[in-house]
Amino acid sequence: MSTLEIKDLHVHVETKDGIKQILKGASLTVHSGETHAIMGPNGSGKSTLAYTLAGHPKYVVDSGEALLDGQDILKMTPDERAKAGLFLAMQYPVEVPGVSMTNFLRTAKTEIDGEAPGIRQWTKDLSAAMKRLKMDPKFATRSVNEGFSGGEKKRAEVLQLELLKPKFAILDETDSGLDVDALRIVSEGVNRAKEANQFGILMVTHYTRILKYIKPDIVHVFADGHFVKTGGPELADELEENGYDAYLPEGADSESALA
Amino acid sequence: MTNEATKNVKEIAIPVADPNDPYAVPAAMPSSVDHAARSFDVNDFPAPDRKQDEWRYTPIERISEFFDTFKPSGETQIEVSMIDGTPLAEGVQLSQVKLGEAPSGTVSKPNDRVSAVEWNSGATATVIELSGEINQPVLIKVHGAGEDLDAFHLVISAADKCHADVVVEHDGDARLAEGVEITTGKDSHISATFIQEWDKTAKHVGNHRIHVGEGASLRHSVVTLGGDVVRIRMDQDFGGPEGDLNMLGIYFVDPGEHIEHRTMVVHNHPECKSRVVYKGALDGKGAHSTWVGNALIQPTAPGTDSYELNRNLVLTPGAIADSEPNLEIENGNIVGAGHASSVGRFDDEELFYLQSRGIPETEARKLVVRGFFGELVEEIGIPAISEHLMDVIDRRLARGESDAMAQVLEDK
């Protein structure tokens with residue numbers, strides 16, 4: 001049983017117009033086996049929270065902690081966080097030319113586990129996982145994410161989630177850009193991985209449609225850099241009905257677009 | 001203008017383009033890419049000066065010893081064998097000729113001051129004649145023996161229908177002026193790989209003159225991994241239709257080093273294909289690379305398919321990469337003539353992505369650089385060399401990191 005505790009997190013980025021404060025005291029506790037949906041309007045800081053936890057250098061932590069089983073991951077490099085058991089499925093997975101998927105996955109697996117996977121078992125696991133995600137075997141020989149369609153990139157993220165077996169998975173808008181079939185395949189992959197490894201999920205999303213496939217235990221509304229409301233799955237239904245307007249700061253444009 | 005001068009002006013009949021087929025008539029302009037003199041006489045070339053286009057990127061003060069004819073030391077050691085160390089196979093003939101005796105001096109002519117100096121300073125040429133199918137690469141080891149100026153002239157001549165690979169390795173410390181002539185016969189398939197893995201103090205000026213036979217393919221690879229100043233200029237043309245030239249280059253430039261490659265591809269026959277792909281990584285303060293890729297498509301070369309590309313990866317701050325593609329197309333009836341050139345640094349997003357999957361930054365950098373060079377190294381097509389290259393690149397990266405760290409500490 002693992003716990004991820006985010007305590008009063010304040011984060012800024014440096015823009016050409018100066019410092020922009022994005023997270024303003026975000027706190028959240030997630031346990032293994034739980035699925036949390038983090039919903040909120042555009043620009044509320046949901047993705048910043050995800051990337052800050054993963055250690056993206058653009059986001060500067062002013063104060064707060066993120067304890068994974070008592071250890072503050074914010075003091076770790078991104079690779080150390082991954083080794084500690086954190087996984088971020090990105091909204092826009094990055095292309096790495098010249099590095100084959102196979103080589104990348106095997107290197108990542110070796111680093112995470114601290115030892116190289118047995119070649120026979122690994123090959124078997126990889127091809128089985130790809131098959132379940134309905135990925136063409138030739139993807140393994142292509143460069144990481146290079147020339148992949150949006151849907152293929154998301155499948156490749158879930159493939160990594162299945163193979164790397166983290167303690168906590170952050171899914172950043174994993175549903176964006178997916179058609180219905182791809183959404184189903186990707187969601188099934190996430191559910192399968194969770195079933196197998198009982199990790200905790202932080203699912204950052206703008207829309208409610210993915211919640212039909214990946215059932216949240218807890219739903220949070222995130223607005224203006226912090227959590228403003230927490231409830232059960234019924235909160236998602238309420239958001240579906242009423243949008244985020246109630247949570248937007250005074251005078252902000254309503255650009256809420258629930259699907 | 002005086003009357004005298006006016007009299008000497010020749011009248012040129014400029015063809016008029018047909019508006020329905022504007023590319024039918026070759027351009028009436030003289031080539032601007034290839035105006036350089038070609039001569040065996042040193043005095044036909046002015047002393048290099050950075051105001052001259054072809055020397056503008058070169059730190060000429062560091063190689064001025066190569067600008068006037070000198071007495072070669074003869075200390076450079078040359079060994080020729082098959083790549084596994086065995087004696088030369090059947091079909092490989094090794095000989096020495098006096099410079100100027102055929103086949104030396106038969107492939108074009110020197111094209112700049114230093115190549116003319118090399119020609120006039122040296123006395124003999126080492127000649128490798130290839131015929132038939134040779135099943136393992138011929139290895140020519142050139143070991144520099146120190147700071148005394150030396151000259152080395154190599155001729156690689158492949159017969160019609162020959163299949164062969166040649167590897168030329170340079171190492172040690174040297175002040176070497178080198179001339180290489182490569183001529184390949186009709187329908188031959190040849191690869192020639194030149195590796196410069198000099199000591200940090202070595203200086204090397206090289207000149208390759210290349211003639212690709214009718215229907216022949218030549219893969220010409222240049223790998224430069226070290227040396228204080230290395231400047232290699234390559235001049236090429238075709239001997240008939242349907243020649244196929246593939247020029248590959250890899251370079252890794254350390255702090256303070258100047259590594260320069262100049263390729264000149266001339267399409268003078270129909271239906272020939274050329275590819276020039278040079279990639280380099282630069283590491284640290286004062287690392288300087290230059291790539292100048294010239295391609296000329298003459299009116300006599302319809303159906304030409306040419307492409308040139310240069311990419312530079314700047315690993316640490318303070319390095320400079322010059323990249324200059326020049327294309328001159330004098331024939332409208334071609335398949336393609338493309339070029340691409342870039343200078344970039346490590347992509348932070350790529351590194352973050354790899355790190356977020358548990359791969360430490362040093363390892364992530366290695367993966368990215370291996371990826372950058374990987375395909376090209378594969379293409380060199382000689383496994384022993386590919387493996388060696390990847391090892392060397394890895395070692396360089398490991399060292400580059402500690403250098404970068406040292407610099408960070410210094411800066412503080």
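## A sheet in chain A

Leu67(A) stands opposite Asp72(A), a residue of β5(A). The model is predicted. Strand β4(A), residues 60-68, is joined to β5(A) by 2 bridges. These two strands run antiparallel.

The pair belongs to an open sheet of 4 strands in chain A, ordered β2-β1-β4-β5. Pairing in this sheet is antiparallel. Its edges are β2(A), residues 18-31, and β5(A), residues 71-72. Each edge strand pairs on one side only. Helix α1(A), residues 46-54, packs on the sheet. This helix touches β1(A), residues 3-15, along with β2(A) and β4(A). The direction of α1(A) makes about 75° with that of β2(A).

## The contact between the chains

How many residues does each chain bring to the contact? Chain B gives 20 residues, and chain A gives 20 residues. On the chain B side, α3(B), residues 348-355, and α4(B), residues 361-380, each supply at least two residues. The largest share comes from α4(B), with 8 residues.

By class, the side of chain B that touches chain A holds 8 nonpolar residues. It also has 5 polar and 7 charged residues.

## The largest nonpolar core

In soluble globular proteins, nonpolar side chains tend to be buried together. Here the largest nonpolar core has 175 residues. Those with the most contacts inside this core are Leu86(A), Phe87(A), Ala89(A), Ala169(A), Ile170(A) and Val166(B). Strand β4(B), residues 138-158, gives the most to the core, with 10 residues.

Which residues does Ala169(A) contact, leaving aside its neighbours within four places in sequence? They are Phe87(A), Ala89(A), Leu161(A), Phe199(A) and Ile201(A).

## Two loop residues in chain B

Arg62(B) lies in the loop between α1(B), residues 3-8, and β1(B), residues 77-82. Is Arg62(B) buried or exposed? It is exposed, because it has 12 other C-beta atoms within 10 Å, and 12 or fewer counts as exposed. Arg62(B) and Val229(B) are 167 residues apart in sequence. In space, C-alpha to C-alpha, Arg62(B) and Val229(B) are 7.5 Å apart.

Asn331(B) sits in the loop between β15(B), residues 320-329, and β16(B), residues 336-345. Asn331(B) counts as partly exposed because it has 19 C-beta neighbours inside 10 Å; a buried residue needs 20 or more. Asn331(B) and Ser341(B) are 10 residues apart in sequence. Their C-alpha atoms are 23 Å apart in space.

Conventions. Residues are numbered from 1 along each chain as its sequence is written. Chains are lettered from A and ligands numbered from 1 in the order in which they are written. This is a predicted model: local features need pLDDT of at least 70, side-chain atom pairs count only at pLDDT 80 or more; totals for chains, interfaces and linings use all residues. Two residues are in contact if their C-beta atoms, placed from the backbone, lie within 7 Å. Ala, Val, Leu, Ile, Met, Phe, Trp, Tyr, Cys and Pro count as nonpolar, Asp, Glu, Lys and Arg as charged, and the others, Gly among them, as polar. Two strands pair if DSSP finds at least two bridges between them. Axes are lines fitted to C-alpha atoms, for helices over the stretch in contact, and angles run from 0 to 180 degrees between N-to-C directions. A nonpolar core is a set of buried Ala, Val, Leu, Ile, Met, Phe, Trp, Tyr and Cys residues joined through C-beta atoms within 7 Å.
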